Amino acid sequence: MTSLRPNLVKRIDRLPKPKNLAAAMQPLFEAISNAIHSVQGRFQETVSTNGKIYITVSTNRNKDNVWATVEDNGLGLDETNWEAFTETDTGNKISIGGKGVGRLLWLDCFQKVSVVSTYKSDSGMERRSFDFVLKQDDQIQNEKVEAVADSEAPSFFVRFDGLRDNGYLSNFPGRDSFVFQHLTSHFLPTFIGKKCPQISVYVGDETRNYPAEIDNIVHRKQADIRLETEDYGLLHLTLMECDKVASADLKGHHFVHFIAHDRTVQSQSIDGKLGLKYFGDDGDRVFHAILTGEFLDKNVNQERTAFMFEDVVLDRIINDVCTAHIEEFLKAPLEKLGGEQREKIEQITESYPSVAFGNTDELQSKIPSGELKEDAIYGHLARERFRRDQRQAEKIRSVLSRLRGGEADAATFAATIVEAGKAIEDAEQRSLAEYIVRRKVVLDFIEILLEKVRDDTRDSSYQREDILHSFICPLRVSTIADGSKKVESAASHDLWIIDERLTFAQYFSSDVEFSALSQAVESDDRPDVLIFDYVHGLRQTEEPSKVLLVEFKRPGRTNYADNENPQTQVERYVRQLQAGGLNDVKGRPIKLDSHTVFHCFVVADIVGKLDDWTYTWQRTADGRGGSTNRETVSKVR
């Protein structure tokens with residue numbers, strides 16, 4: 001009979017290659033995990049005092065001579081473990097999450113692997129040593145088995161030398177501190193558990209002993225919270241307040257670590273959900289949570305580097321299962337943060353009353369606890385207001401439908417209408433308040449802006465097109481197919497500052513050539529030519545029955561030539577428009593009929609010659625402006 005011949009080299013070549021530091025350390029972590037399981041298997045309940053593991057790592061920035069060793073006093077390579085070692089994809093440790101691929105990761109990562117183990121056999125204590133190599137056949141080389149004194153204790157020692165240039169060399173840590181950081185994070189659930197052996201880690205000149213080292217970074221802990229869930233079964237949650245060094249090499253501050261078979265598979269940052277950075281009296285604390293459960297154990301891949309479900313499931317578990325417990329554990333720092341959020345909500349609703357659908361407490365309840373970004377807060381409030389309006393509208397439609405079908409009495413209908421009317425009235429009042437607030441801000445700004453222009457008659461930055469023009473006559477230049485330029489009005493403006501009739505008007509003409517106007521838009525020299533001393537035409541429809549002309553004079557201007565009377569300038573432009581021959585901003589001829597009414601505005605300070613020219617004009621009620629009736633209506637403010 002013929003059997004399939006396994007190809008171990010190809011199998012290892014197809015293993016996922018590391019793309020980050022944590023993944024590059026996974027083969028070393030596999031050896032450490034094997035050591036932990038071995039000492040737990042030997043000493044059982046006394047493992048925390050009798051189990052010993054020694055880890056040494058030598059690395060450098062160049063990573064040219066990286067080596068590591070892992071030694072334990074566990075069961076060693078006894079008959080059962082030796083059979084499992086020499087069989088790929090063994091099921092020897094499947095009950096504790098073993099996938100049988102840890103040794104394959106060793107071969108994928110390191111150029112040389114050497115093993116020495118003392119163990120108890122049927123004939124007494126023995127020691128086996130060998131080299132473990134990456135080959136299609138005969139992976140166990142230089143094997144030597146010898147009897148040793150019965151006084152020898154079981155042990156296992158493995159040494160790794162040299163990194164393969166297949167992702168491991170580039171991603172393996174070159175700094176000692178990174179080794180400690182990732183080892184601490186990866187084995188955090190083991191270190192805080194009740195069955196953690198004594199583990200000594202030597203990296204460079206530094207030694208750390210676990211789990212005692214954890215006491216230096218975990219300041220507060222709430223362990224083994226049982227979470228009965230419908231979708232994920234029984235989960236166990238541990239919450240910890242840690243020193244900030246626990247997150248020193250992680251991309252974020254606060255994490256939920258998802259654990260499968262005592263190994264960290266994925267660490268999910270929850271910074272965005274909490275809104276916290278560092279917290280505590282000295283501002284040096286971070287939050288870490290550990291989540292375990294059978295659901296996670298059953299859904300991890302064989303390399304224990306990822307789960308076999310989408311990442312969105314992790315978010316659901318955090319949001320639906322863990323968040324309430326996390327927020328209670330972090331109540332003090334979150335309450336402090338809530339005060340900052342409350343101030344931002346009050347500031348937003350003061351400027352945008354339309355989203356103030358309730359008191360501040362109610363509004364805050366609709367926003368994630370740690371959200372401090374103003375645009376995000378506004379987005380949450382606006383979305384909630386939209387949902388409320390939709391529910392109200394649906395309620396009205398439902399009552400109307402039942403009323404038409406004779407299913408609702410008049411009293412029910414009247415009560416619903418009263419309720420809806422009150423809701424609509426409240427919404428309208430909020431929208432009106434927001435409208436008034438915004439207009440006041442615009443008026444305050446334009447007042448300050450004009451004062452700056454008056455104070456500085458030079459071509460200063462206050463007069464630049466993108467500042468002043470954006471308020472009173474916004475324009476933009478577009479390049480058309482033939483490469484030439486054309487001037488277009490912006491989508492929105494604040495021309496209501498001059499007159500409410502200009503609210504919906506659109507720019508369509510100017511008494512300066514449009515080629516010169518487009519050049520001025522893009523010029524850094526004198527962009528104020530777009531505003532001052534030129535007549536700007538606006539209309540509300542394509543075929544207007546009325547045209548609005550606006551001419552801006554520089555604020556504070558007192559010197560005018562005899563031929564610069566703005567009234568005559570405006571009237572001259574009216575005659576040009578009526579005579580035809582001019583094109584609009586879209587390049588089409590401007591066509592006006594004899595019935596077109598012109599409303600003309602001159603925006604200027606009534607000082608100097610302008611005061612003389614408008615002497616006979618009728619003053620406005622506030623005494624600050626004037627008007628006259630000729631063939632057109634002109635206004636000076």
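Modeller: Leaving aside its neighbours within four places in sequence, threonine 69 is in contact with Tyr54, Ile55, Thr56, Phe157, Val158 and Arg159, where contact means heavy atoms within 4.5 Å. Threonine 69 is buried, at a relative accessible area of 9%. Here, buried means under 20% relative accessible area, exposed means over 50%, and partly exposed is in between, using a 1.4 Å probe and protein chains only.

Before going on, a word on what you're looking at: this is a predicted model, so local features need pLDDT of at least 70, side-chain atom pairs count only at pLDDT 80 or more, and totals for chains, interfaces and linings use all residues. Residues are numbered from 1 along each chain as its sequence is written, and side-chain values use heavy atoms, with hydrogens and water left out.

Back to our threonine. Threonine 69 has its place in strand E2. The names come from DSSP runs, numbered from the N terminus: helices are H or I runs of at least four residues, and strands are E runs of at least two. Strand E2 covers residues 67-72 and is joined to strand E6 (residues 155-163) by six bridges, the two running antiparallel. Two strands are said to pair if DSSP finds at least two bridges between them.

Now zoom out to the sheet. Eight strands make up an open sheet, in the order E5-E4-E3-E6-E2-E1-E7-E8, with mixed pairing. At the edges are strand E5 (140-147) and strand E8 (206-210), each pairing on one side only. Neighbouring strands of this sheet are turned by 10 degrees against each other on average, direction ignored. Helix H3 (residues 26-43) packs on the sheet and touches strand E1 (52-58), E2, strand E3 (110-121), E6 and strand E7 (198-203), while the direction of H3 makes about 10 degrees with that of E2. For those angles, axes are lines fitted to C-alpha atoms (for helices over the stretch in contact), and the values run from 0 to 180 degrees between N-to-C directions.

A hairpin of two residues connects E3 to E4.

Side chains of opposite charge can pair when their charged atoms come close. The rule for a salt bridge is a side-chain nitrogen of Lys or Arg within 4 Å of a carboxyl oxygen of Asp or Glu, and by that rule the count comes to 13. In one of them, the side chains of arginine 127 and glutamate 152 meet at 3.6 Å, N to O. Arginine 127 lies in strand E4 (residues 124-132) and glutamate 152 in the loop between E5 and E6, so this pair ties together parts that are 25 residues apart in sequence. Arginine 127 is partly exposed, at 24% relative accessible area, and glutamate 152 is partly exposed too, at 35%.

Another salt bridge joins glutamate 143 and arginine 128 at 2.9 Å, N to O. This pair links distant parts of the chain: glutamate 143 is in strand E5 and arginine 128 in strand E4, 15 residues apart. Glutamate 143 is partly exposed at 40%, whereas arginine 128 counts as buried at 10% relative accessibility.

Finally, how far can you trust all this? Look at pLDDT, the predictor's confidence in each residue, from 0 to 100. The protein chain has a mean pLDDT of 78, and 72% of its residues reach 70 or more. Confidence is highest in E1, at 97, and lowest in strand E22 (residues 633-636), at a mean of 40. Over residues 525-530 the pLDDT is below 50, and this stretch has 18 contacts in the model beyond near neighbours in sequence.
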